[in-house]
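Subject: Structure handover

Hello,

Here is the structure you asked for.

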Amino acid sequence: MRRAVRRLTTAALALALLAASTASCTRDGERVTLRVLASPELADVAPLLEELEDDTGVRLDLHYEATADLAGQPPAGGRAAYDLAWLASDRSFLLRVRESGGRLPRPESTAIMRSPVVVGLEPAAARKLRGRAPGGRISWADVADAAAEGTLRFGMADPRRSDTGRAALVGVATAAAGTGSALREQDVSCDRLRGFRSGQTLTGASSRELVERYLKHRDDADALIAHESELLSLNAGGKLPEPLEIVHPEDGMVLSDFPLLLLDPGEREAYGKVVQWLLGAGAQRELMERTHRRPVDQDVTPSPRLRADVGNALSFPDRLSVVERLVADYGDPARRTGGQVVFLLDFSTSMRGERIEGLRAAFAGLSGADRTSTGKFARFHRGERLTVIRFGGRVLQERTVTVRGDADLRALDRIVARGGFDDATALWSALDRGYRVAADAVREEPGRPVSIVLMTDGENNAGLTYEEFWRRYRRLGDEGRAVPTFPVRFGAADPAALGRVAEATGGRTVDADLSSLSDAFKEIRGCH
């Protein structure tokens, strides 16, 4: 007999998805049916639900939808749509609850099984990547390096919609930050994942959809980033000519625990029965064997394929704004990347010696010579458009290339390595020229991120004055004025004037005297 529909609690109001003419829970005699919002990845547990119902009297009616944090689900007529949610991860949702100021009460949540987000590589791609990795141990940095170089193409679920895709993105970004701890605001102030993103050729609203697309378009990618469990299931499915090599990146992974959440507190008794059954040794063993996920019950012996240690588990950010910024910067995975950076390089005579050697080393590092973890994430990447303008008392040389391979990078390196010097420093004339190039780039392709990097070690003594530059800047269109400038200063460069330029244009100043030109350039890579 269908019971009267209850009024929603605050949490259920925030999570309701369906029109509420439908009650969320039904009872037939002693049996209870609970409606469950579930991640699509959990379709593989469906064969176990009949046994659960027989043992507990509770039927789970799973409705699959890709949702990264249960956000954006408005109430439907003020009635409950779901009693439970079963997700790959509830971390983003719990951050939203914590920062809601009490408007969203925290639901009861129980981890059911675990699986790390890892990389599945086709055998040839694995051999190549392992051959270049230090000690043969592949890291996220190695994956990013190969993606930027154009030698690795991968698929990953959309982080905007998929909790699996979001966990993967957090893992890669945490490795890119190189701090060994949870991501902070300053770690995502610049998008350091553009090189990594340039290698993404497949996506899906969920990792289940991603795997289906991969099977139909195997020529489009040679790697998948997904849960270990999904890759093991794919290998066991007999649909691949060769199984993927599953790699647990050396620099760590985010671990998903597939929690079951109680959205309607009125169903706590039925929820408790379900949780107790799912955490029982028999169900844990059956879940492991059927889905290839790791049991949360430590007394259950892992299957042979799951006995390897998951390695370094990375922490999830503790602020929702960090996650939102990270996801926004990554954007739509289906949209191609390829920003433009205009480098304005001071080749006045004061740059001779150690300074020019530092500049040349910095450019060589960005072209792929820097084999450190941060260097692999910061390097120039395929599809990126680069303009190098050398200046002294005037513009000495200008060259723009779209990176398609090593030949394009070598052409830019030659400009930096072989260029001559000039006795004067026309700093503001060079920046004015940079804005003309940037404004043209924005007009040519409005969606392209464009930024300017101005490197100088001296004060202006030729060409436009500071005031004349600003008059010309103010005559640019809105799009041109929106291009940020990132001054990299050292030596006698005027910190006050460069700081005003950075602040007015939305960039920031980096002091190379405090580190090196290589570190300074890496610090602002991806800023826009």
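Predicted model: local features only at pLDDT ≥ 70, side-chain atom pairs only at ≥ 80, totals over all residues.

The histidine is H227, which lies in strand β9 (residues 223-227). H227 counts as buried because its relative accessibility is 0%, the cut-off for buried being under 20%. Its side chain makes a polar contact of 3.5 Å with the side chain of T164. Apart from neighbours within four places in sequence, the residues in contact with H227 are A88, S115, P116, V117, V118, T164, S256 and F258.

Next, the helix. In α2 (residues 46-56), the buried residues are L48, L49, L52, E53 and T56. These lie on the same side of α2, because they cover an arc of only 150 degrees around the axis. They pack against strands β2 (31-38) and β3 (58-64) and against helices α10 (268-278) and α11 (281-291). The exposed residues E50 and D54 sit on the face turned away from the buried side of α2. Just after the helix comes G57, with a positive phi of about 80 degrees.

The largest pocket holds about 420 Å³ of space. It is lined by 17 residues, of which R208, V211, E230, S233 and L234 are closest to its centre. Helices α8 (207-216), α9 (228-236) and α11 each give two or more residues to the lining, and α8 has the largest share, with 5 residues. By type, the lining residues are 8 charged, 6 polar and 3 nonpolar.

Regards

How values were computed. Residues numbered from 1 in each chain as written. Heavy atoms only, no water. Helix = DSSP H or I, 4+ residues; strand = E, 2+ residues; numbered from the N terminus. Buried < 20%, exposed > 50% of the residue type's maximum accessible area, 1.4 Å probe, protein only. Polar contact = N/O pair within 3.5 Å; in protein donor to acceptor, adjacent residues only side chain to side chain. Contact = heavy atoms within 4.5 Å. Arc of directions from axis to C-beta. 1 Å grid on protein atoms, 1.4 Å probe; cavity = no way out; pocket = protein on both sides within 12 Å on 5 of 7 lines; lining within 4 Å. Points joined across faces, edges and corners; volume = space filled by probe spheres on them. Nonpolar A, V, L, I, M, F, W, Y, C, P; charged D, E, K, R; others polar.
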